[in-house]
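Okay, thanks for coming, everyone.

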Amino acid sequence: QVQLVESGGGLVQAGDSLRLSCAASGIIFRVNAMGWYRQAPGKQRELVATITSGSSTNYVDSVKGRFTISRDSAKNTVYLQMNSLKPEDTAVYYCNANVDTIGARGRDYWGQGTQVTVSS
């Protein structure tokens, strides 16, 4: 069983920064791509950023230049550095990891979500 544990959310003011972390644990053979998604009230979950095992990154246009995704593969951990936060960034942020285990390859796992609230 693979578990993703997120941390780092909170309440901040517009223009502030936050850093989210997500650590994968369990009987893991390999962690492939990792990413962050978010879901605002009344909206569908959307992709924020992804990072491959080779550290290639991808961002949704609305966060380009403000957010940076990174990973520590030795710790099976992904980070999201969020700068210049805006009220429209308010959402529950979910970590995602595509994981190879001994029993299955390429399965997606999700964290429990962490709330980010940006006040104006």
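Let's start with the disulfide. The torsion about the S-S bond of Cys 22 and Cys 95 is about -80°, so this disulfide is left-handed. The sulfur atoms of Cys 22 and Cys 95 sit 2.1 Å apart, and a disulfide here is a pair of cysteine sulfur atoms within 2.5 Å. The structure holds 1 disulfide. Strands here are DSSP runs of E, at least two residues long, numbered from the N terminus. Both cysteines, Cys 22 and Cys 95, are buried; that means under 20% relative accessible area, while exposed is over 50% and partly exposed lies in between, using a 1.4 Å probe and protein chains only.

Quick word on where this comes from. It's a predicted model, where local features need pLDDT of at least 70 and side-chain atom pairs count only at pLDDT 80 or more, while totals for chains, interfaces and linings use all residues. Residues are numbered from 1 along each chain as its sequence is written, and side-chain values use heavy atoms, with hydrogens and water left out.

Now the core. Which residues touch the most other members of the largest nonpolar core? Out of its 29 residues, they're Trp 36, Leu 80, Met 82 and Tyr 93. By nonpolar core I mean a set of buried Ala, Val, Leu, Ile, Met, Phe, Trp, Tyr and Cys residues joined through side-chain atoms within 4.5 Å. Strand 9, residues 91-100, gives the largest share, 5 residues. Take Tyr 93: leaving aside neighbours within four places in sequence, its contacts include Trp 36, Phe 67, Leu 80 and Met 82, a contact being heavy atoms within 4.5 Å.

We have an open sheet of 4 strands in the order 1-3-8-7, with antiparallel pairing; two strands pair if DSSP finds at least two bridges between them. Strand 1 (2-7) and strand 7 (67-72) are at the edges with a single partner strand each, so one side of each has no neighbour in the sheet. From one strand to the next, the twist averages 15°, where axes are lines fitted to C-alpha atoms and angles run from 0 to 180 degrees between N-to-C directions.

Phe 67 stands opposite Met 82, and Asp 72 stands opposite Thr 77. The covered face of strand 7 has Phe 67, Ile 69 and Arg 71, while Thr 68, Ser 70 and Asp 72 are on the uncovered one. In the hairpin of strands 7 and 8, with 4 residues between the strands, Asn 76 takes a positive phi near 50°.

Asn 76 also turns up among the contacts of Ala 24, together with Gln 3, Leu 4 and Lys 75, again leaving aside neighbours within four places. Ala 24 lies in strand 3, residues 18-26, and counts as buried at 9% relative accessibility.

Last one: is Gln 44 buried or exposed? Gln 44 is exposed, with a relative accessible area of 72%. You'll find Gln 44 in the loop between strand 4 (30-39) and strand 5 (46-51).
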